[in-house]
Amino acid sequence: MRSKSLLSFLLTMLLFVLLSGCSTPANCPNCGTTVNGAYAVINIIPVPEHNPTGEPGGPFNSFDISLVDPVHHLFFVSDRIGLDVVVVDTVNNIAVNTIAGANSVAQAGNNASPCVPATGPGAIPPLLDATGNFTRFGCRTGAFTLPGGIGANGLFGGFPGAQCCAARANGVNPLSAPDGEAITADGNTLFVSNGSSSVVVFDLTVKPIPNVIAVIPTGQSATYDSGPAGIAPCIASANGRAFTDASCGDLRADEMSWDDKDKILLVSNGDPGFPFVTLIDMSAVVARTGNCLPVNPTAPYGPTNFPTCILGQIYYDGASINNGNLAVDVPNAITNPNQNSPCPDPSTAAPSGVSGLGVGAGGKNVPCHHGPIVTSTGVFCNQLTPAAGCGGAISPAGIGGSTFNPNTGHFLVSNANATPNLTIGTIDEIDPRIGNPNGPIVVNTFPVSNCMPSSIVQGPGNHFLVGCADHDGVTFPPNEYVIDGSSGAILATITTVGGVDETWFNAGDQRWYLAARDMPGGPVMGVIDANTNTWLQNVTTNSNSHSIAVDPSNNHVFVPSQSGSICTTQSANGCIAVYARQ
């Protein structure tokens, strides 16, 4: 009898240990693999070169987009204090690399990513800022110098970071970087958007420091280094998010989405002032047969020397004309193929956008169109023969996240609001029109009410989750939408989580994960069953936790977290928190 009692006691204790093993210890081997169970933080990952003593290298309190590469089991997050992209091993939960330029905190000097090719006829040119001067946040070449200067070392200049610019409160966030990220399906090529209105492309097959194989401007860079005042006039003009000073350029390139079939990247310069999206043919870049050089490959990128791989741009400027189905928006580009035709909105004097045509490009146009034409309630109008009451779409709060829909071959872009009615946002459907000389065009727009669309992600089949944030100055009740990716029909409305920035679909457990930093009552990670469109849980996260990604192999959820108690031993530094079901 006594032996039975002892055996029963030992079995009970063993069961207790097994059940409690996922509660707090790091690297819990079984967490994330259960069918049911609550979520908990199973590990915290220190971020390289962060400390509580101040900037640079201060707390990990300013970060942006993150993603998971399921092929190599890596998590990437844009770190605007370290001025780099942090790379984390999602199996062992440890930071294994940082990808950066010569100005970074974690990788200084010769450890910065080299620009390939660095010299010769295929060299990647430096970028120009809004006043026509070189900016250090492109590639350095033999032609690149700065007063007091940093030498021509053939390295990627870097990201501007957040030291002077990034805070939700001060409204200067649109000058910061790194920002958006996208990765090819094979995990070999990483796209990172920069504060200089450009996209930096890294070859991840080169180790340990990936090479920069392209730097592609989507517009004009802000004036970071030129002139005695530097960026100060732009920062001053950012009060109220106006960005009226020409030295602001086109602000940061931000969120991106990737069409792996056709090798097209969609990039949004989505911040207030003059939002637009750019579609880029990256086929030669990912095949390593080209570097997306400008029309004149030996000269710096500039207003009349644009990248030849850009398919077109769409401007959300409120214009009521859109000749997208007929011709490019600048008539001279058709009648005079040797005349440069800039894309920017003619209503603004600030330099903006890449050029519409380049001499020596064989008459190749880069079409520039206005955004969708909608009624006052956000209903899409036929762009060829718009009916009465139709006007051009605006987006004073900016363009948010986007995704590619393989079912239609089109991109879906979250538009903060298409009309002056702040309660109406839209998801805009863009046809890249591959091979069409008139370029990409908005073919439909799907209204969503009481929602500032911040993100959109595909789930099972043709179901897409729209992440809803609060509008500038307008707070909505919690709500998210599941829509049909072809018709825009609302399939489900979820009112138990809101204030969302980024979203993620995890194929491993068929769930959507939402970074709801502005949820009433405090920031949470929302979890939704993507098969039934049913909300499952809200899990407490840290202040401003707005970025999220999941590894489908173990269902571990990676949430960048600024300094706070969730980071436990790293509470003063910030961390990447790892969540999983128990």
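Cys 451 and Cys 468 form a disulfide in this predicted model, with their sulfur atoms 2.1 Å apart. A disulfide here is a pair of cysteine sulfur atoms within 2.5 Å. The torsion about the S-S bond of Cys 451 and Cys 468 is about -95°, so this disulfide is left-handed. Cys 451 lies in the loop between β22 (441–449) and β23 (452–458), and Cys 468 lies in strand β24 (residues 463–469), so the pair ties together parts that are 17 residues apart in sequence. Helices (H or I, at least four residues) and strands (E, at least two) are DSSP runs, numbered from the N terminus. Cys 451 has 0% relative accessibility and so counts as buried. Cys 468 is buried too, with a relative accessible area of 3%. Buried means under 20% relative accessible area, exposed means over 50%, and partly exposed is in between (1.4 Å probe, protein chains only).

The model is predicted: local features need pLDDT of at least 70, side-chain atom pairs count only at pLDDT 80 or more, and totals for chains, interfaces and linings use all residues. Residues are numbered from 1 along each chain as its sequence is written, and side-chain values use heavy atoms, with hydrogens and water left out.

The structure holds 4 disulfides. One of them joins Cys 292 and Cys 309, with sulfur atoms 1.6 Å apart. Its S-S torsion is about -60°, so the disulfide of Cys 292 and Cys 309 is left-handed. Cys 292 and Cys 309 both sit in the loop between α3 (283–286) and β15 (310–315), 17 residues apart. Both cysteines are buried. A further disulfide is formed by Cys 381 and Cys 390, whose sulfur atoms are 2.0 Å apart. The torsion about the S-S bond of Cys 381 and Cys 390 is about -85°, so this disulfide is also left-handed. Cys 381 and Cys 390 are buried.

The protein as a whole contains 4 helices and 33 strands. Of its 582 residues, 59% are buried. Contact means heavy atoms within 4.5 Å. Among contacts with a separation of 6 or more, 55% involve residues 24 or more positions apart. The accessible surface of the protein comes to about 20,700 Å². Carbon and sulfur atoms account for 57% of that surface. Accessible areas come from the Shrake-Rupley method with a 1.4 Å probe; for residues, only the protein chains shown count as cover.

The largest nonpolar core has 54 residues. Such a core is a set of buried Ala, Val, Leu, Ile, Met, Phe, Trp, Tyr and Cys residues joined through side-chain atoms within 4.5 Å. Phe 76, Leu 190, Phe 202, Val 212, Met 525 and Ile 576 touch the most other members. Strand β33 (residues 575–581) gives the most to this core, with 5 residues. Residues up to four places away in sequence are left out of the contacts of Phe 76. On that basis, Phe 76 touches residues including Ile 65, Leu 67, Val 85, Val 87, Ile 99, Ile 183, Leu 190 and Leu 204. Ser 66, Asp 69 and Glu 181 are also among its contacts.

Strands β25 (residues 480–484) and β26 (residues 490–494) pair in the antiparallel sense over 4 bridges. Two strands pair if DSSP finds at least two bridges between them. Ile 483 has Ile 490 in β26 as its bridge partner. The hairpin of β25 and β26 has 5 residues between the strands, and Gly 488 takes a positive phi near 80° in this hairpin.

Most residues other than glycine have a negative phi, and most peptide bonds are trans. Arg 433 is not a glycine, yet has a positive phi of about 45°. Arg 433 lies in the loop between β21 (424–431) and β22. At 12% relative accessibility, Arg 433 counts as buried. Asn 544 also has a positive phi, near 65°. The loop between β30 (534–540) and β31 (549–551) holds Asn 544.

Pro 178 is found in the loop between β7 (134–135) and β8 (181–183). Pro 208 is found in the loop between β10 (198–203) and β11 (211–217).
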